[in-house]
Amino acid sequence: MKAQDILDSIHGTETQDPVAAHIAKQLAEYTKQFQSGELNSEEYQELVADLQVESLINSKCQDLEAKERLNTICSAVLNAASMLSSI
């Protein structure tokens, strides 16, 4: 895949996630800098790898938030069931 294809893909993707939007914007900026020669290949690869780590961390945080909400719901259901069983 060529760099321009990557940029076109990024600009064609809408997201409601502000972190993902920030990462996409940064990737587009880094790609433009690489294409213009402001960044060499090694710098570009390092920056893109950092963005990938940032994306992974964001994904894990979202997973934890969802699990926390699920745990809260389960606890509430268990508490309600316990109260009903004591009646």
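Is E46 buried or exposed? In this predicted model, E46 has a relative accessibility of 52%. Exposed residues are those over 50%, so E46 counts as exposed.

E46 sits in helix α3, which covers residues 41–85. The residue also belongs to a negative surface patch. E42, E43, D50 and E54 complete this patch with E46.

The overall fold is helical in its assigned elements. The protein chain holds three helices and zero strands. Along the sequence, the elements follow the pattern α-α-α. The protein chain has 87 residues, and 15% of them count as buried.

Six residues make up the largest nonpolar core. These are I23, L27, Y30, L39, Y44 and L51. Helix α2, residues 18–36, and helix α3 each contribute at least two residues to this core. The biggest share comes from α2, which gives three residues. In soluble globular proteins, nonpolar side chains tend to be buried together.

E46 itself, at 52% relative accessibility, is on the exposed side of the cut-off.

Definitions and conventions: Residues numbered from 1 in each chain as written. Predicted model: local features only at pLDDT ≥ 70, side-chain atom pairs only at ≥ 80, totals over all residues. Heavy atoms only, no water. Patch = residues over 30% accessible without salt bridge, like charges linked within 9 Å, V, L, I, M, F, W, Y side chains within 5 Å. Areas by Shrake-Rupley, 256 points an atom, 1.4 Å probe, with all protein chains shown as cover. Salt bridge = Lys/Arg side-chain N within 4 Å of Asp/Glu carboxyl O. Lys, Arg positive; Asp, Glu negative; His and termini not counted. Charge placed at Lys NZ, Arg CZ, Asp CG, Glu CD. Helix = DSSP H or I, 4+ residues; strand = E, 2+ residues; numbered from the N terminus. Buried < 20%, exposed > 50% of the residue type's maximum accessible area, 1.4 Å probe, protein only. Core = buried A, V, L, I, M, F, W, Y, C linked by side-chain atoms within 4.5 Å.
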